[in-house]
Amino acid sequence: MIENCEKALGNIKNLEDVDLMKLISTISIGVLAEILFGYDWKQNSKSTYPFENGNGEVEELELMDFMAKLVLSYTDEYLNPIASLVPTLAKYNLINPFKRNNRNYKCLKKTIIDIADKSKDTNSVANKLRECEGLTDDEKVDDLILLIMAGHDTTAHSIVSCLYFVSKSPEFYEQLREELESNELRSKATFKDNLNLDSLQDLNYLSC
């Protein structure tokens, strides 16, 4: 988690230009990907993947950007009136955007299977799922994709909402800052050494 945060924050050049939702979304996808697919998921993935856009053009995207964009595409699909007016067209992916989203989903599915197969992390959710009975291989992969696509979005929205309300309350912000400082969790030099389950449980104001 810390590495994902450091990488994302390290890429910021101008704070005024930061899209906070996109930044937090990228971090949450990275954290969830390590949990679901293994600590070595980045080593096992390609640099980019072909994503088919609404205008028909194919764009090469990193895996995290691919998933984030697919989530937005499914949101547009859900709001498409055709889904309600002629559900058969949507159910069987006979026209766009349903047909296009289905192709992008198949690409993602193939990618996830490949990453999971190459992973050496025996504690990943993907590897644990292989031991589960009662689910087909397709269902297991679908569950993994659902977890990361739905999980990262709700997590990102929750974090951004919290940050927004903290920024609107200077008094609350100062109390949080004081608590983090007293537990030596504000300084970059001491943050990693002091961040553990016990120290988090001592943050009474943060967790209230």
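This report describes the fold, helix packing, salt bridges and selected residues of one protein model.

## Basis of the model

The model is predicted, so that local features need pLDDT of at least 70 and side-chain atom pairs count only at pLDDT 80 or more, while totals for chains, interfaces and linings use all residues. Residues are numbered from 1 along each chain as its sequence is written, and side-chain values use heavy atoms, with hydrogens and water left out.

## Overall architecture

The protein has 12 helices and two strands. These elements are DSSP runs numbered from the N terminus, with helices (H or I) of at least four residues and strands (E) of at least two. In sequence order, the pattern is α-α-β-β-α-α-α-α-α-α-α-α-α-α. The C-alpha trace spans about 60 × 40 × 35 Å along its principal axes.

Of the 208 residues in the protein, 32% are buried. Buried means under 20% relative accessible area, exposed means over 50%, and partly exposed lies in between (1.4 Å probe, protein chains only). A contact requires heavy atoms within 4.5 Å. Among contacts between residues at least 6 apart in sequence, 58% join residues at least 24 apart.

## Surface

The accessible surface comes to about 13,600 Å², and 55% of this area belongs to carbon and sulfur atoms. Accessible areas come from the Shrake-Rupley method with a 1.4 Å probe; for residues, only the protein chains shown count as cover.

Leu-20, Ile-159 and Leu-163 make a nonpolar surface patch of about 220 Å². Patches consist of residues with over 30% relative accessible area and no salt bridge, where like charges are joined within 9 Å and nonpolar side chains (Val, Leu, Ile, Met, Phe, Trp, Tyr) within 5 Å. Leu-163 belongs to helix α8 (residues 137-167) and is partly exposed, with a relative accessible area of 41%.

## Packing of helices α3 and α6

Helix α3 (residues 63-79) packs against helix α6 (residues 98-118) at an angle of about 150°, and their axes are 11 Å apart. Axes are lines fitted to C-alpha atoms, for helices over the stretch in contact, and angles run from 0 to 180 degrees between N-to-C directions. The crossing of α3 and α6 is left-handed, a term used if the near helix is turned anticlockwise from the far one by less than a right angle, with right-handed used if clockwise.

On the α3 side, the residues that meet α6 include Leu-63, Phe-66, Met-67 and Leu-70. Among their counterparts in α6 are Phe-98, Tyr-105, Leu-108 and Ile-115.

## The surroundings of Trp-41

Trp-41 is placed in the loop between α2 (20-37) and β1 (49-52). Trp-41 counts as buried because its relative accessibility is 4%. Leaving aside neighbours within four places in sequence, Trp-41 is in contact with Gly-30, Ala-33, Glu-34, Leu-63, Met-64 and Ile-115. Trp-41 and Lys-118 are 77 residues apart in sequence, and their C-alpha atoms are 8.4 Å apart in space.

## Salt bridges

Side chains of opposite charge can pair when their charged atoms come close. The structure holds seven salt bridges, each defined by a side-chain nitrogen of Lys or Arg within 4 Å of a carboxyl oxygen of Asp or Glu. One of them joins Lys-109 and Asp-138 (3.6 Å, N to O). This pair links distant parts of the chain, with Lys-109 in helix α6 and Asp-138 in helix α8, 29 residues apart.

Lys-109 is buried, at a relative accessible area of 15%, whereas Asp-138 is partly exposed at 45% and Asp-142 is partly exposed at 27%. In another salt bridge, the closest N and O atoms of Arg-177 and Glu-181 are 3.7 Å apart. Because Arg-177 and Glu-181 are four residues apart in helix α9 (residues 170-182), about one helical turn separates them. Salt bridges that share partners join Lys-109, Asp-138 and Asp-142 into one network.

## Backbone features

Most residues other than glycine have a negative phi, and most peptide bonds are trans. The peptide bond from Asn-96 to Pro-97 is cis, with omega near 10°, and Pro-97 lies in the loop between α5 (87-91) and α6.

Asn-93 is not a glycine, although it has a positive phi of about 50°; Asn-93 is found in the loop between α5 and α6. Glu-184, also not a glycine, has a positive phi of about 55° and is found in the loop between α9 and α10 (188-194).
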